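Please look over the sequence and the model below with an eye to strand pairing, aromatic contacts and the surface. The briefing that follows takes these topics in turn.

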Amino acid sequence: MTKPLEGVKVLELATFVAAPTCARALADWGAEVIKVESLSGDPIRFIGGNTKFPTLPEENPNFDLGNIGKKSIALNLKDEKGMAVLHKLLAISDIFITNNRTKALEKMGLSYEQLKEKYPSLIFAQVLGYGEKGPLKDKPGFDFTAYYARGGITGTLYEKDTSPVNPVPGFGDNQVALSLASGILAALYKRAKTGIGDKVTVSLYHTAIFMLNTAIAAAQYGFSYPVSRKEVGNPFLNTYKTQDGRWLQLAGPEYDRLFPVIMQAIGREDLIGNEKYCKFKSIIGKTAEIVGIIEAEVIKKTADEWMLIFEHCDVPCEKALLWDEILKDEQAWANEYLHEIHYATGNIRTLISLPVKFNSIGKEEYTRGPLIGENTAKILENLKYSTEEIQQFSKDKVTL
């Protein structure tokens, strides 16, 4: 089995989620990825408790989600010997991935401008908070702030007259990760033709407003959130509560065509042809009444009963699943969207695969990500350092 990126060498100097997850994607697709960590390690190793993950060396799924398939070297980059090792790794790398801010990279001599002459074929890939220009270019960015808040999600995507939903960690980061991976692959294709590398950047802020591009562009025409679900533009693009306390999501953008179908499905055939409700132009600005009619019927049956009814009449509908239900979802397992990982603790846990599938790659067998500096000695050996030098590095705290 040959993976698409076999032979490609990636050097990662990054922390937390977005940039490491991008590198993990490249590793999944066959690249050799070396993760450079400080002697204390990537902070993501230690913050899993925020989402109730264990953070043991033997079981650390929060770290593994973005770091499976890599090798780890722990380097003290404040020591010139540690920096010399990094440059030896850069010299043999095709891609350099980082989420360090540009000022920090410049201080270390690792900005794109400082590296491009020395390594002209290197693809330099950087995750940013807010972009390369503008008043916020040097501001630290996390998905909670640069993506959710400034990106227009926290302030809009909640039920009117309630409060914003507390963000889920990694949601924006993972979108940034795959966006950056796509840019890297385009740069890699260009390099194959020209021999010249490139700089690829993706910001959390830009990614958020791109993901909301329809809504943000529509704001010029008066489209705005938050809204009440009783006042949505189209009642067939809405959620409805069922008898068993679950929520259904309807997805019927073609209101006029689907009106008779949905009215029959909910047992309100008497409304078919009613000029007050049956045409989209007749309900603009006054959808609360038809939403109330649908609510009054949907609450009479369970979610599973409605799923069968809507499936029978070919109306797009889904029960709003909870996260623990997804872990058992037959559809996810059938497509290998989920996978098992066996930990040294004896636990078998479920993690999520990347959302890109290759026909040429069979079923993957995943193991945990590397421990801090787990591969340091072997990486140094491959760089032609002697056993004595490797041992001295450890004594001098250049490496672990």
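Gln249 stands opposite Glu318 in strand 9, and strand 8 and strand 9 pair in the antiparallel sense over 3 bridges. The model is a predicted one, in which local features need pLDDT of at least 70 and side-chain atom pairs count only at pLDDT 80 or more, while totals for chains, interfaces and linings use all residues. Residues are numbered from 1 along each chain as its sequence is written, and side-chain values use heavy atoms, with hydrogens and water left out.

**Strands**

- Strand 7 (residues 239-241) also runs antiparallel to strand 8, to which 3 bridges join it; two strands pair if DSSP finds at least two bridges between them, and strands (E, at least two residues) and helices (H or I, at least four) are DSSP runs numbered from the N terminus.
- In this pairing Lys241 stands opposite Trp247 of strand 8.
- Strand 8 (residues 247-250) has Leu248 and Leu250 on its covered face, whereas Trp247 and Gln249 lie on the uncovered one.

**Aromatic rings**

- The structure holds 16 aromatic pairs, where rings of Phe, Tyr and Trp (its six-membered ring) pair if their centres lie within 6.5 Å, and planes under 30 degrees apart count as stacked, over 60 as edge-to-face and the rest as tilted.
- The rings of Tyr255 and Phe259 have centres 5.7 Å apart and planes at 45 degrees, so this pair is tilted.
- Tyr255 and Phe259 are separated by about one helical turn because they are 4 residues apart in helix 10 (residues 255-265).
- Tyr255 is buried at a relative accessible area of 2%, and Phe259 is buried at 0%; buried means under 20% relative accessible area, exposed over 50% and partly exposed in between, with a 1.4 Å probe and protein chains only.
- Phe144, Tyr147, Tyr148 and Phe171 are linked into a cluster by ring pairs.

**Charges over rings**

- The charged end of Lys88 sits over the ring of Tyr385, 4.3 Å from its centre, the criterion being NZ of Lys or CZ of Arg within 6 Å of the ring centre and within 35 degrees of the ring normal.
- The charged end of Arg229 sits over the ring of Tyr240, 5.4 Å from its centre.

**Around Leu321**

- Leu321 lies in the loop between strand 9 (317-319) and helix 14 (323-326).
- Because its relative accessibility is 38%, Leu321 counts as partly exposed.
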